[in-house]
Amino acid sequence: MRKLLLSFVIVLSSSMNFLLAQSIDRVSIGGEQKFASGGNIAWVNFARDIGPGETRLDLFEEIFREVNENGGNMMRIWLHTNGTNTPQFNGMDVSGPGEGAIEDLRDILDLAYFYDVSLMLCLWSFDMLQAGQMNDQQLERNRGLLTDNDRLQTYIDNSLIPMVDSLHGHPAISSWEIFNEPEGMSTQFGWTPSRVDMSDIQNFVNRTAGAIKRTAPDAFVTNGSWNIRASSDIGSWTNYYRDDRLIAAGGDEDGVLDFYGIHYYKHFPQSQSPFHNDASHWELDKPIVVGEFYMSDPRRDGDADSMYGVHWSDLFEELYDRGYAGALGWQWFDWWAERTDMEGVDGTLSWPRMLENMNTMRDLYPDDILISFDGIRMIFNAFPEGIEEGGSSTLSWEVRGAESVTLNGDPVQPIDSLVASPEVTTEYTLIATDEHGETEAKTVTITVLDPEAVNRAFQKPASASSIENNQHLADYATDGDYSTRWSSLYQDNEWLMVDLQVSYDIHNIKLYWEAAHAASYTIDVSFDGFNWQTIFEENNSDGGLDSLFFEQPAPARFVRMNGVERATEWGFSLYELEVYGLESEHQPPQIAISSPLEEDYLEAGLVTQLTADLQPGTSDEISVAFYINDELFDTVTEPPFTTEWTPSEDGIASLHAVATDEQFNIRSESVELTISPESEFILLEAENSTLAGDTEIMSHSEASSGEFVRLEADGSLTWSDIEVNENGNYRLEIGFRLPFESPKSQVLFVNDSEIGEIEFAGQENAWLTEDMNINLESGLNTIRIESSWGYMDFDYIEIRGQNLLTSAGNNEELAAEYHLGQNYPNPFNPSTVIPFSIANPSHVQLDVFDIVGRRVATLLNEPLSSGSHEVRFDAGSFSSGVYFFRIQAGSFTKVNRMVLLK
């Protein structure tokens, strides 16, 4: 590691404060010299994270918490970005920072402060001249800020200085960054359709930097250059941000940078890479923070895991060792929602990889990384703040920098929560005391509401016809947070629905519209989410708050806002949909299909049990009707509500049920069923597998073939030489029993590759099955189950698929001489004939199994001569359904299926 310290010099102006305290390979964070280790947010909602609209403080908190937990110390965020939301304009001049912009930014900074994270505040981006992102007026006013000093001064006076002055001294501010990649809108380097000269950019940087430094003399200022070529004078390059050049461009002696910010991506050559050149190579006299770089980029050299040979896990440390002052990876994403940063780049890797690098730096260089802001910091919330009598609210808090914490006088842990159920409106006060006896207090109030004032839609499940993106989900319209919202696609005829989960007599509905509101819409209600009644119609809404009152309360479980026509070019967007009313006297039943489910394996000709899960309403007399492809199949009048169905052909079928009582007809959600063609299968007994470790073969009358294997600690069962004709997806069924304590978990391997840990759950001491899909390869395969937690019993495995499936010992030579034919007739009632042939005199056993693998009959168990044979199976005492018959003759084994219909 290289540490080249600057000598102290006499300060000639406040704009040169970096020279007093800042070393060449560190920047000031929280008043200390640190290596900046973190990343870019850079936005949650592009250009709208502060100012009019929503600020997703919940996501900012989540980000800062993760950065803190992984040892990071800095994040870079964007403020105005392209000027479409802030600052506020009056014509072509700036008239203010934007409604709520300072307050929103302070809230974000407060969260960062709480979690010991510093912020680099980037004001503008090259996007201010990216024509496709704004209208002509917005583009023209942005150009004016860059080329007209009078207009620029309106921004400095009316927006920038008020922001800096209001937030001056906030400990979470590490620096102000003037631009993100301004070269992108320059005639010399740019890519935006509209461009200005680099001298215009220099002028803007100089004048805004000077204004910041005079407003807050201890502030640090930087600029995020798209490439080192614009920030260094080596070779033929030009450092446009050198002190004398900035002052010459704008005339402000204070308007210089305290450190350089540069970006690097693999579309630039290694000769320009900070990961392959020391910081001193660029011959700069100030620290350099590498403010953007990918953690994953397969497009340039085909390697998503390295930066031209530097592995992603070493990127932060490489910059540290080469003398840079910081590493900020690009970019935070809500990667759990599978966003990507750009086409061809796996953005899901960026955030976790950044966190891992932060973790490494914290562990290796804690003195150069970790920061801890002074003072007591508290987060204290009640959720929800309003409850119905008898309801509950969760108090949650987290306190930092305190020696002791009390809640209403009682000692509590610094981080904890409490469920409170006050009978009357109650205040709760959290008091934190530090080591010097200084205290901080915060109070929240849980209000006990009149039942008619309780929002019944609060935190209830919502769904929508569409969502604009993963930042505007349906559930955000019922989360009780007026800064989050649901937004649809940009088209008419979109809806938002909430399931209240029980029926209420609704007397009031409130819709809190975002600017993108409906010009016309209806309010529809339903008991099951399928059969709807319109109770309100609006043809000329002006947005804002629509509060709808109903003289005659409307009983319903489901409420839907059905947007007919939009009032703007955007979609339909609601901050909150609130529903008020008392619980209905008459409650509808609730019904759902519990079997089969969409992922279940169904086969044509195989009997399938249809089951509905029913929760009765206020009426006890109820019936359930099953519908297949919207045609009535069967009606069941008593529990359990189940019936049997045999699909006759493969394809797709839709299944739903309707519960009917004295007052309601309630329909379930549909289950789409995939029915596969008739397939061959093989049943392999557990006792015939290769056993290792703690295993034991045991007997049980209900086990398939009468035996099973008990698997205990460090044991395994392996079925080898399972042969299939084609690569593909096959269905694996495992017969098992849990002696006690459900569930158990064991590990499944296919061809020595770990598929994952399989959870076995269900009734204890009963033979059960667990189904899943597996991929097998053409030829021979191996399946292995290894113990992981808790001993249990295994009966058999069955493999089923549309391609021919054979087992070990069924080689082609044997198959040509040994044969198990299909029974005839099939289906049959009540008897059928099973033909087979054997090549050599053999002991032959022919067994019949039911659908769950239990042996129900042994038709043969004796030596036979070679040749063709037939056995009659009389099933007069058996119930209708699917049965399997298996022959074992020497090393030849085969199983076929037959159907008994009575």
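The model is a predicted one.

Taken as a whole, the chain runs to 902 residues, and 54% of them count as buried. The C-alpha trace stretches over about 110 × 70 × 60 Å along the principal axes. Looking at contacts with a sequence separation of 6 or more, 71% come from residues 24 or more positions apart. The accessible surface amounts to about 37,700 Å², with 45% of that belonging to carbon and sulfur atoms.

Turning to the helices, α5 (residues 149-167) packs against α6 (residues 198-215) at an angle of about 35°, the two axes lying 10 Å apart. The crossing of α5 past α6 is right-handed. On the α5 side, the residues that meet α6 are Asn149, Leu152, Gln153, Tyr155, Ile156, Leu160, Ile161, Val164 and Asp165. Their counterparts in α6 are Asn203, Phe204, Arg207, Thr208, Ala211, Ile212 and Thr215. Sorted by class, this contact of α5 with α6 comprises nine nonpolar, five polar and two charged residues.

From α3 the contact draws on Ile102, Leu105, Arg106 and Leu109, while α5 brings Pro162, Met163, Ser166 and Leu167. By class, the contact of α3 with α5 splits into six nonpolar residues, one polar and one charged. The spacing of such residues has a simple background: an α-helix has 3.6 residues a turn, so residues three or four places apart point the same way.

Among the strands, β36 (residues 651-660) is where His656 sits. His656 counts as buried because its relative accessible area is 4%, and buried means under 20%. Setting aside neighbours within four places in sequence, the residues in contact with His656 are Ile593, Ala625, Phe626, Tyr627, Asp630, Arg667, Ser668, Glu669 and Ser670. Phe383, for its part, lies 273 residues from His656 in sequence and 37 Å from it in space, C-alpha to C-alpha.

Note on methods: Residues are numbered from 1 along each chain as its sequence is written. This is a predicted model: local features need pLDDT of at least 70, side-chain atom pairs count only at pLDDT 80 or more; totals for chains, interfaces and linings use all residues. Side-chain values use heavy atoms; hydrogens and water are left out. Axes are lines fitted to C-alpha atoms, for helices over the stretch in contact, and angles run from 0 to 180 degrees between N-to-C directions. Helices (H or I, at least four residues) and strands (E, at least two) are DSSP runs, numbered from the N terminus. A crossing is left-handed if the near helix is turned anticlockwise from the far one by less than a right angle, and right-handed if clockwise. Contact means heavy atoms within 4.5 Å. Ala, Val, Leu, Ile, Met, Phe, Trp, Tyr, Cys and Pro count as nonpolar, Asp, Glu, Lys and Arg as charged, and the others, Gly among them, as polar. Buried means under 20% relative accessible area, exposed over 50%, partly exposed in between (1.4 Å probe, protein chains only). Accessible areas come from the Shrake-Rupley method with a 1.4 Å probe; for residues, only the protein chains shown count as cover.
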